[in-house]
Amino acid sequence: MSPAIRTRVPRGVLLTVLAAGLIAVGGCAALGLKHPASAPYPLPTIDRPSQTSRASARADGSTLSDEQAQSALINETDLGAPWTATRGAATWRDGLLKARTTAGECQRLLDALYSDELLGAPARVAVALDDADTDAQLRYQIGARRPADVDAVLSWLRTLPVQCARFTATTETGLVEDVQVMDAPLPEVGDARQGLRVTLATTNDDDEEYLLTMDLAAVRVGEDAFALTDAGLGDVPNDATQAAVQIGALRLADIRKQGRVQV
């Protein structure tokens, strides 16, 4: 058995007001979770660039400098305890996310999750945070893609709860995973957005059951976009995802506005 997946979560599943329901894993079966329709936060104001704004010198159309893009990232202070700066790649990444399937577009999803390229290309800037209580990990990135390309990715993500609602995949160590993909509503922020919840359930040769739960979100704010995954073994409460989307959209919109004022 791969050492990447030997350790199981020792404590019970935490429930939050934003994540209701339980996942029960039996063999290779996983039941879906119910999520809130959206976080109860006000909508950020996304100012449209004026005709006098400076044209972008970047191929992706962003008007943000590298320093501004870095400032648009969320951090552990935004999410509060128990979130801290990451200690490194999560142990389950190689053991459970590196997998193959013959189910068409579903391989593209698995590859994007493993490579951390939800927007279809390497991130411009990125950060990873760890939940010290549950060993969940949140990975957040500012993209480097044109708005039309981001919208194409969002359109593709919207198809996955149908195209990849349930399929099987096989890890490099031969574990067969039952993968389910569900729509996950996000706060109504930015100009376009899409959220998904992905679960990967498997049982090893010793009849030990594993469940990897991943929330993912992609949001476009004007000419810029961000994406995130919030994942861990067992159930993953949805509150960190909701908060990160809300805070991230507000911060990115604010930094974009500041950048235009400085022109």
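Okay, let's start in the middle: the largest nonpolar core has 35 residues, and Leu 157 and Val 198 touch the most other members. By nonpolar core I mean buried Ala, Val, Leu, Ile, Met, Phe, Trp, Tyr and Cys residues joined through side-chain atoms within 4.5 Å, with buried meaning under 20% relative accessible area (1.4 Å probe, protein chains only). Among the elements giving two or more residues to this core are helix 3 (92-97), helix 4 (105-115) and strand 9 (192-203). Helix 5 gives the most, six residues. Helices here are DSSP runs of H or I, at least four residues, and strands are E runs of at least two, numbered from the N terminus.

Quick caveats: this is a predicted model, where local features need pLDDT of at least 70 and side-chain atom pairs need 80 or more, while totals for chains, interfaces and linings use all residues. Numbering runs from 1 along each chain as its sequence is written, and side-chain values use heavy atoms, without hydrogens or water.

Back to Leu 157: beyond neighbours within four places in sequence, Leu 157 is in contact (heavy atoms within 4.5 Å) with Gln 194, Leu 196, Leu 216 and Ala 218. Apart from this core lies another, of 28 residues, including Leu 138 and Ile 255.

Strand 3 runs antiparallel to strand 5 (residues 125-131), joined by three bridges, and Thr 84 sits opposite Asp 130 in strand 5.

Terms used
Buried < 20%, exposed > 50% of the residue type's maximum accessible area, 1.4 Å probe, protein only. Pairing = 2+ DSSP bridges.
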